[in-house]
Amino acid sequence: MNVQFPCPAVPMQGGGISYRATVDGVMVACQFTWEALQDVNPELTLDQPINQFNSSAERLLAIAEKKIRSGGIVNGVVLVSTSDL
């Protein structure tokens with residue numbers, strides 16, 4: 001399975017972040033909840049979601065990739081929430 005993350009982070013309504021991945025050439029939306037962004041690095045809890053994502057992007061994308069590889073794509077979306085951290 002070929003998983004790549006070619007696109008920049010995009011803010012979502014509700015404070016989360018969306019980040020596109022390609023899985024074997026097919027686009028998949030990786031969505032990171034606002035709560036996951038706050039919990040991944042508690043020192044940045046009051047920062048903007050995009051800054052929270054960027055400061056922990058490597059860890060968050062690794063979690064998304066793990067979910068992708070374990071069959072966690074539902075209707076073209078991989079949702080990363082606090083319980084995935």
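Leaving aside its neighbours within four places in sequence, which residues is Gln 38 in contact with?

1. **Gln 38.** The partners are Thr 45 and Gln 52. Contact here means heavy atoms within 4.5 Å. Gln 38 is found in helix α1. Its relative accessibility is 15%, so Gln 38 counts as buried. The cut-offs are under 20% relative accessible area for buried, over 50% for exposed, and partly exposed in between, with a 1.4 Å probe and protein chains only.

2. **Basis.** This is a predicted model, in which local features need pLDDT of at least 70 and side-chain atom pairs count only at pLDDT 80 or more, while totals for chains, interfaces and linings use all residues. Residues are numbered from 1 along each chain as its sequence is written, and side-chain values use heavy atoms, with hydrogens and water left out. Helices (H or I, at least four residues) and strands (E, at least two) are DSSP runs, numbered from the N terminus.

3. **Helix α3, length.** Helix α3 covers residues 57–69. Its 13 residues should span 18 Å at 1.5 Å a residue, and the end C-alpha atoms are 18 Å apart, which agrees. The expected span is 1.5 Å times one less than the number of residues.

4. **Helix α3, faces.** Buried in α3 are Ala 57, Leu 60, Leu 61, Ile 63, Ala 64 and Ile 68. Seen down the helix axis, these buried residues fall within an arc of 155 degrees, so they line one face of α3. The arc is that of the directions from the helix axis to the C-beta atoms. Glu 58 and Lys 66 are exposed on the other side of α3.

5. **Helix α3, surroundings.** What do the buried residues of α3 pack against? They pack against strands β1 (3–4), β3 (17–23), β4 (26–32) and β5 (77–80), and against helices α1 (34–40) and α2 (49–55). Gly 71 follows α3, and its phi is positive, near 85 degrees.

6. **Nonpolar core.** The largest nonpolar core has 20 residues. Such a core is a set of buried Ala, Val, Leu, Ile, Met, Phe, Trp, Tyr and Cys residues joined through side-chain atoms within 4.5 Å. Cys 30, Phe 32, Phe 53 and Ile 68 have the most contacts inside the core. At least two core residues come from each of β3, β4, α1, α3 and β5. Helix α3 gives the largest share, six residues.

7. **Cys 30.** Residues up to four places away in sequence are not counted here. Cys 30 touches Phe 5, Ile 17, Ser 18, Tyr 19, Ala 21, Ala 64, Ile 68 and Val 78. Among these, Ala 64 and Ile 68 are buried residues of α3.

8. **Aromatic rings.** How many aromatic pairs does the structure hold? It holds three. Ring pairs link Phe 5, Tyr 19, Phe 32 and Phe 53 into a cluster. Rings of Phe, Tyr and Trp (its six-membered ring) pair if their centres lie within 6.5 Å; planes under 30 degrees apart count as stacked, over 60 as edge-to-face and the rest as tilted.

9. **Ile 63.** Ile 63 is found in helix α3. Ile 63 is buried, with a relative accessible area of 13%. Leaving aside neighbours within four places in sequence, Ile 63 is in contact with Val 80, Asp 84 and Leu 85. Ile 63 and Leu 79 are 16 residues apart in sequence, and their C-alpha atoms are 10.0 Å apart.

10. **Asp 84.** Asp 84 sits in the segment after β5. At 25% relative accessibility, Asp 84 counts as partly exposed. Not counting residues up to four places away in sequence, Asp 84 touches Ile 63, Lys 67 and Leu 79. The side chains of Asp 84 and Lys 67 make a polar contact (3.2 Å). A polar contact is a pair of N or O atoms within 3.5 Å; within protein, one must be able to donate a hydrogen and the other to accept it, and residues adjacent in sequence count only if both atoms are side-chain atoms.

11. **Loops.** Asp 24 lies in the loop between β3 and β4. Its phi is near 50 degrees, a positive value in a residue other than glycine. Asn 75 lies in the loop between α3 and β5. Phi of Asn 75 is positive too, near 55 degrees. Asn 75 counts as exposed, at 78% relative accessibility.
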